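Subject: Structure for you, plus some notes

Hi,

Here is the structure I promised to pass on.

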Number of protein chains: 2
Amino acid sequence: MRMTIDPPYLQLLRLLRNEGAISRAELADRLQLPRPRLLAEVERLVAQGFVVEAGMAASRGGRRSTLVELHPRLRFAAVDLGASSIDVEVTNGRLEPVAAYTEEADIRSGPKATLHRVNELLAKARVDGAYDRLDAIGIGVPGPVSFRDGVPVSPPIMPGWDRFGVRELLTREHGCPAVVDNDVNIMAVGEQHGGVAHSVQDFLFVKVGTGIGCGIYLNDEVYRGTDGCAGDIGHIQVDPHGPMCSCGNVGCLEALFSGTALAREALVAARSGASQALADRLAANGTLTARDVAVSAAEGDVACIKLIREGGHRIGSVLASLVSFVNPSMIVIGGGLAQLGHILLAEIRSAVYRRSLPLATGNLPIVLSELGSRAGVTGAAVLASDVAFEQAS
Amino acid sequence: MRMTIDPPYLQLLRLLRNEGAISRAELADRLQLPRPRLLAEVERLVAQGFVVEAGMAASRGGRRSTLVELHPRLRFAAVDLGASSIDVEVTNGRLEPVAAYTEEADIRSGPKATLHRVNELLAKARVDGAYDRLDAIGIGVPGPVSFRDGVPVSPPIMPGWDRFGVRELLTREHGCPAVVDNDVNIMAVGEQHGGVAHSVQDFLFVKVGTGIGCGIYLNDEVYRGTDGCAGDIGHIQVDPHGPMCSCGNVGCLEALFSGTALAREALVAARSGASQALADRLAANGTLTARDVAVSAAEGDVACIKLIREGGHRIGSVLASLVSFVNPSMIVIGGGLAQLGHILLAEIRSAVYRRSLPLATGNLPIVLSELGSRAGVTGAAVLASDVAFEQAS
């Protein structure tokens with residue numbers, strides 16, 4: 001077997017990030033380090049400004065041990081760029097938000113305008129007193145990313161972003177390391193850090209929103225693929241006679257079920273008279289979105305329930321294949337359309353449990369994201385802290 | 001980033017296994033070990049009987065350095081159990097075969113009869129002078145395996161094998177460590193060690209034979225899934241209106257295209273008059289197999305070419321989805337039906353290149369296995385050597 005070993009300083013910083021103040025005695029135990037070695041590591045991290053001493057621990061029966069915690073000054077910026085939104089958080093070392101901003105924005109306005117706005121929001125956070133300086137920035141974008149190079153790669157819905165130096169721009173602007181990843185990957189990382197997948201090493205995070213994507217978490221880390229586009233399940237063909245997709249192929253999963261597809265079908269249902277609820281909402285607001293379908297379904301509109309069930313069945317069929325292939329420990333459903341809730345979940349479960357191998361589904365939970373819209377920024381903060389901690393080497 | 005580090009003795013033994021005799025000076029360079037540390041490691045491995053000194057290396061300009069190689073006495077047994085065959089090899093430390101046996105056998109005769117026959121073949125190899133004692137045994141079986149426990153788990157085509165202690169029986173019989181894995185996984189390992197995937201860290205090995213399965217090789221190791229059944233793509237549904245599969249579902253990939261399905265369709269083509277070539281072969285031999293389809297297709301029989309093309313298209317459609325999902329560096333096609341050769345390969349390529357994301361297929365080779373029927377035993381020998389080398393810790 002191969003062994004995966006993180007150096008002690010990384011293990012130590014991550015423990016303090018995930019659990020808060022810990023005594024030196026306990027740290028030595030948990031890291032399996034001889035006490036002098038642990039003390040030397042702590043001393044070095046104190047000198048570097050990563051950790052501080054924080055009083056005495058409760059006695060464990062012998063001499064009381066000094067508590068160690070992350071420096072209260074540590075600050076990470078977490079950015080989640082969606083197709084039509086910017087989410088920014090500034091967190092402390094324990095990844096608790098000290099400032100948060102959300103606004104609408106069109107990713108198609110290009111990298112310069114978008115990242116300029118991100119920088120303005122971060123400047124605002126600084127003025128608001130959220131930080132003096134940032135220790136690292138993590139950012140997710142809605143398209144494939146070369147994780148190594150810190151650039152988007154041929155992102156279909158992000159004109160002008162191909163190979164744009166996102167990491168370089170942020171590093172230059174803020175004088176700290178930055179890390180760039182795909183938006184679904186950061187959601188998977190977030191859900192593993194602070195959500196329902198906390199104790200799981202192999203799981204799939206399926207984002208159902210404007211588009212559909214999948215974060216693949218295997219052997220306790222994100223699997224990104226050879227070109228950074230692993231998990232792009234939105235363009236798996238589910239119906240060779242289906243509608244044309246924006247990618248140029250026909251019958252892709254997200255051409256049949258996604259925020260965009262659902263809004264289109266809602267309009268058809270409203271105009272054809274199939275759904276009175278949607279017709280009413282269209283008359284009232286002049287437009288329809290996936291949210292209208294969710295609300296009308298919750299109110300019992302049969303046509304809307306049918307739309308969601310058909311969509312859930314499509315996603316479930318694709319996931320059934322992926323479950324047979326990956327044999328994961330858990331599937332987490334997130335993204336904007338997760339608000340379609342239990343009708344969607346029930347259909348996905350039904351398709352997966354019926355179609356996949358019994359051995360693979362015997363102990364397989366299929367659940368909704370716990371973090372919801374905060375999954376992305378949480379994961380971006382995790383990646384930011386990891387890259388900051390590596391500087392302590 | 002996490003770091004994966006093999007201990008020096010493992011790296012050293014694998015280098016000697018993969019490359020043959022190497023001088024101490026070069027070993028110190030390649031393992032980045034201080035010379036005294038390297039000498040101590042070598043001395044320990046000599047004392048344990050893993051390596052021997054092998055004369056002087058050619059001068060590199062200074063003092064000539066002593067060559068080190070694996071002990072010529074090292075012997076590994078590699079066993080590949082198929083649905084209807086047993087392949088056994090005994091190899092030396094460099095995994096070169098010193099004895100090899102192949103015979104037909106029905107896996108349904110159960111674990112005791114099958115493993116008894118394996119032991120008889122190994123006893124024969126000993127009498128033939130292939131070994132005095134074995135250092136480790138690697139065995140692949142045609143079904144899901146708990147790699148940790150060394151037992152098959154709910155294997156559908158292996159009645160009586162569920163949770164049977166395969167590793168325990170072999171270890172007891174031969175007094176050496178044993179390792180048990182799925183047959184497609186060992187083929188992937190074999191192809192990575194000595195075949196076309198030699199320089200690749202992320203690839204899919206697709207076995208097309210009596211059934212269909214996929215070995216998933218990610219981040220330089222086999223990914224086995226939560227329950228050991230990752231890669232079971234034969235039961236992905238490709239046609240909701242397709243024929244009933246032996247698994248109880250309808251329209252599974254291997255119900256539509258596999259050795260079994262092809263033999264069935266060949267019979268239909270022969271009897272309906274669609275293929276004169278198959279009708280002739282049926283009249284001559286009284287039966288038809290996938291091999292008859294291959295031979296007739298190579299001779300230009302249109303109905304046989306069509307059967308293979310349709311099958312290739314089915315597999316290609318499934319692989320197109322998996323390529324979008326995994327974004328691998330290579331796809332290797334192996335197994336008995338790989339003998340259908342370039343007609344099959346062309347259809348698979350056409351479907352994948354047309355359907356998958358352009359970013360994922362830009363640099364994606366889809367190739368036939370180089371090792372052919374030896375892929376399995378080669379991989380089993382690799383796993384055996386790994387488990388033997390770990391004893392040197």
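Where is the place of Ala58(B)? Ala58(B) sits in the loop between β3 and β4 (66-70) of chain B. (Helices, H or I with at least four residues, and strands, E with at least two, are DSSP runs numbered from the N terminus.)

Before the rest, some housekeeping. This is a predicted model, where local features need pLDDT of at least 70 and side-chain atom pairs count only at pLDDT 80 or more, while totals for chains, interfaces and linings use all residues. Residues are numbered from 1 along each chain as its sequence is written, chains are lettered from A and ligands numbered from 1 in the order in which they are written, and side-chain values use heavy atoms, with hydrogens and water left out.

Around strand β3 of chain B

Back to Ala58(B): its relative accessible area is 65%, so it is exposed. (Buried is under 20% relative accessible area, exposed is over 50%, and partly exposed is in between, using a 1.4 Å probe and protein chains only.) Ala58(B) is 35 residues from Ser23(B) in sequence, yet their C-alpha atoms are 8.9 Å apart in space.

Gly55(B) belongs to strand β3 (residues 51-56) of chain B. With 41% relative accessibility, Gly55(B) counts as partly exposed. Leaving out residues up to four places away in sequence, Gly55(B) touches Ser65(B), Thr66(B) and Leu67(B); contact here means heavy atoms within 4.5 Å. From Gly55(B) to Ser65(B) is 10 residues along the chain and 8.8 Å between C-alpha atoms.

Helix α1 (residues 8-19) of chain B packs against α2(B) at an angle of about 120°, and their axes are 11 Å apart. (Axes are lines fitted to C-alpha atoms, for helices over the stretch in contact, and angles run from 0 to 180 degrees between N-to-C directions.) That makes α1(B) and α2(B) oblique to each other. On the cut-offs, under 35 degrees is roughly parallel, over 145 roughly antiparallel, 65 to 115 roughly perpendicular, and the rest oblique. The α1(B)/α2(B) crossing is right-handed, meaning that the near helix is turned clockwise from the far one by less than a right angle, with anticlockwise being left-handed. On the α1(B) side the contact uses Pro8(B), Gln11(B), Leu12(B), Leu15(B), Leu16(B) and Glu19(B), and on the α2(B) side Leu27(B), Arg30(B) and Leu31(B). Those residues divide into 6 nonpolar, 1 polar and 2 charged. (Nonpolar covers Ala, Val, Leu, Ile, Met, Phe, Trp, Tyr, Cys and Pro; charged covers Asp, Glu, Lys and Arg; the others, Gly among them, are polar.)

How do α2(B) and α3(B) meet, and what is their crossing angle? The axes of helix α2 (residues 24-31) and helix α3 (residues 35-47) of chain B come within 10 Å and cross at roughly 110°, so α2(B) and α3(B) are roughly perpendicular. Their crossing is right-handed. Arg24(B), Ala25(B), Leu27(B), Ala28(B) and Leu31(B) of α2(B) meet Arg35(B), Leu38(B), Leu39(B) and Val42(B) of α3(B). This contact has 7 nonpolar residues, no polar ones and 2 charged ones.

Leu31(B) of helix α2 is worth a click. At 10% relative accessibility, Leu31(B) counts as buried. Beyond its neighbours within four places in sequence, Leu31(B) is in contact with Pro8(B), Gln11(B), Leu12(B), Leu15(B) and Leu38(B).

Most residues other than glycine have a negative phi. Arg163(B), not a glycine, has a positive phi of about 65°. Arg163(B) lies in the loop between β10 (151-152) and α5 (166-174) of chain B and, at 49% relative accessibility, counts as partly exposed. Asn219(B), also not a glycine, has a positive phi of about 50°. Asn219(B) is in the loop between β13 (212-218) and β14 (221-222) of chain B, and its 39% relative accessibility makes it partly exposed.

Further along, and over in chain A

Helix α14 (residues 375-390) of chain B has 16 residues and spans 23 Å from first C-alpha to last, close to the 22 Å expected at 1.5 Å a residue; the expected span is 1.5 Å times one less than the number of residues. Of the 16 residues in α14(B), 15 are buried.

In chain A, the axes of helix α8 (residues 259-272) and helix α9 (residues 276-285) come within 7 Å and cross at roughly 100°, so α8(A) and α9(A) are roughly perpendicular.

Cheers
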